[in-house]
Amino acid sequence: MNHMTQQLPDQHRPVVGAVTAAPARIRKPRRPTSTQWAAWGFLAPVTLYLALFYAYPLYRNIDLSLRNYTVRSFVQGDAPFTGLKNYETVFDDPTFAPALLHTVVFTAVCLAFQYAIGLALAVFFHQNFRLSATLRALFLVPWLLPLIVSASTWSWMLNSDSGIVNAALHAIGIGPVNWLTSPSWSLTSVVLANIWIGVPFNLVVLYSGLQSIPAGLYEAAALDGAGAWRRFWSITFPLLRPVSAITLLLGLVYTLKVFDIIWIMTKGGPAESSTTFATWSYQLGFGNLLPAFGPGAAVGNLLVLAALVFGLVYVRAQRKQALS
């Protein structure tokens, strides 16, 4: 009987405990749903706008800074590639150090005073007294005016001969000050004008941040005997940090690129005493009979790089705050 038993080949033997694998299903690519098509439809105009008005101009500015463009080559587009030579020209220029110093001073002083004054006014108007809304609206006037109007008004007010500021100083026995024509006062003049223009923006943003702070916190602090200063430093200022951060960042980006106020009031002078990177870039690219498009674009890219660095610092700080 055993001899008659035929052994099955290995391939026909049943494997004990084996699980028969199901054939793999071929997944068909999913077609976008109507919701996804709608999302792409809403995203397309924004993407097109960013590409046309932000990405492409930035690319062109970088290309300008890496080539030796003249008026002819700017039109025909056959400028030779020079690498970082335009940046070396900018760094070796004697105007670079004064322009950098003026840009830093102009930006830092404007940001500090705009934020401090805007915060003080926001806390003041947060009391919701009578005529609070009317006065808030009046404080928005400098922000709503065209910059050319504001700069022209400040130029008239600070005029050495017929300006109202010198007239007021003369009334209290102080001699006239050459606000716009003296190298010692020109930068101060444009700083004052820019602070006046930027305060309403800080007021609006910080006031909206104050509206989000629960009133119960102030009531509890008052019951505990905390005074006005104590409530400000323990409640208002800490809870306003996220709003303050974005306010300062937007103010920094705006102040770095301020051009029209300085150009209308002083044109960067006298003797380059109020020249910043923004005005210097314009002077290099368009202020001479033989424009230096490459160095002018290089100075503009330095401003873009500075704004990008501060933006990344802000994003990293926000990420750390969210994780903590």
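Predicted model: local features only at pLDDT ≥ 70, side-chain atom pairs only at ≥ 80, totals over all residues.
Residues are numbered from 1 along each chain as its sequence is written, and side-chain values use heavy atoms, with hydrogens and water left out.

**Confidence and overall make-up**

- The mean pLDDT, the predictor's confidence in each residue from 0 to 100, is 86 for the protein, and 90% of its residues reach 70 or more.
- Among the elements of the protein, α4 has the highest mean pLDDT (95), whereas helix α2 (residues 71–76) has the lowest (80).
- Over residues 1–12 pLDDT stays under 50, and the model has two contacts beyond four places in sequence for this stretch, a contact being heavy atoms within 4.5 Å.
- Residues 14–19 also have pLDDT below 50, with zero contacts in the model beyond near neighbours in sequence.
- Of the 324 residues in the protein, 33% are buried, a term that stands for under 20% relative accessible area, with exposed meaning over 50% and partly exposed in between (1.4 Å probe, protein chains only).
- Among contacts between residues at least 6 apart in sequence, 64% join residues at least 24 apart.

**Nonpolar cores**

- A nonpolar core is a set of buried Ala, Val, Leu, Ile, Met, Phe, Trp, Tyr and Cys residues joined through side-chain atoms within 4.5 Å, and in the largest one, which has 36 residues, Phe106 and Met265 touch the most other members.
- At least two residues of this core come from each of α4, α7 (147–157), α9, α10 (215–223), α11 (228–239) and α13, and α9 gives the most, with eleven residues.
- Beyond its neighbours within four places in sequence, Met265 is in contact with Ala151, Trp154, Ser155, Leu158, Leu180, Ser189, Val190 and Ala193.
- A second, separate core has 15 residues, including Leu111, Leu252, Ala278 and Leu284.
- In soluble globular proteins, nonpolar side chains tend to be buried together.

- Helix α12 (residues 241–256) has 16 residues and should span 22 Å at 1.5 Å a residue, which agrees with the 22 Å between its end C-alpha atoms; the expected span is 1.5 Å times one less than the number of residues.
- The buried residues of α12 are Ser244, Thr247, Leu249, Gly251, Leu252, Thr255 and Leu256, and they pack against α4 (96–125), α9 (186–211), α14 (277–286) and α15 (293–323).
- Helix α14 is largely enclosed by the rest of the structure, because seven of its ten residues are buried, namely Phe277, Ala278, Thr279, Trp280, Ser281, Leu284 and Gly285.
- The buried residues of α14 pack against α3 (85–92), α4, α12, α13 and α15.

- Thr275 lies in the loop between α13 (260–265) and α14, and at 2% relative accessibility it counts as buried.
- The side chain of Thr275 reaches the backbone oxygen of Gly268 at 2.8 Å.
- Leaving aside neighbours within four places in sequence, Thr275 is in contact with Thr95, Pro98, Ala99, His102, Gly268, Trp280 and Gln283.
- Asn301, found in helix α15, counts as buried at 10% relative accessibility, and its contacts beyond four places in sequence are with Asn61, Ile62, Ser65 and Tyr87.

**Salt bridges**

- The count comes to two salt bridges, each defined as a side-chain nitrogen of Lys or Arg within 4 Å of a carboxyl oxygen of Asp or Glu.
- Asp63 is buried, with a relative accessible area of 13%, whereas Arg60 is partly exposed at 25% and Arg67 is partly exposed at 26%.

Technical notes: Helix = DSSP H or I, 4+ residues; strand = E, 2+ residues; numbered from the N terminus. Polar contact = N/O pair within 3.5 Å; in protein donor to acceptor, adjacent residues only side chain to side chain.
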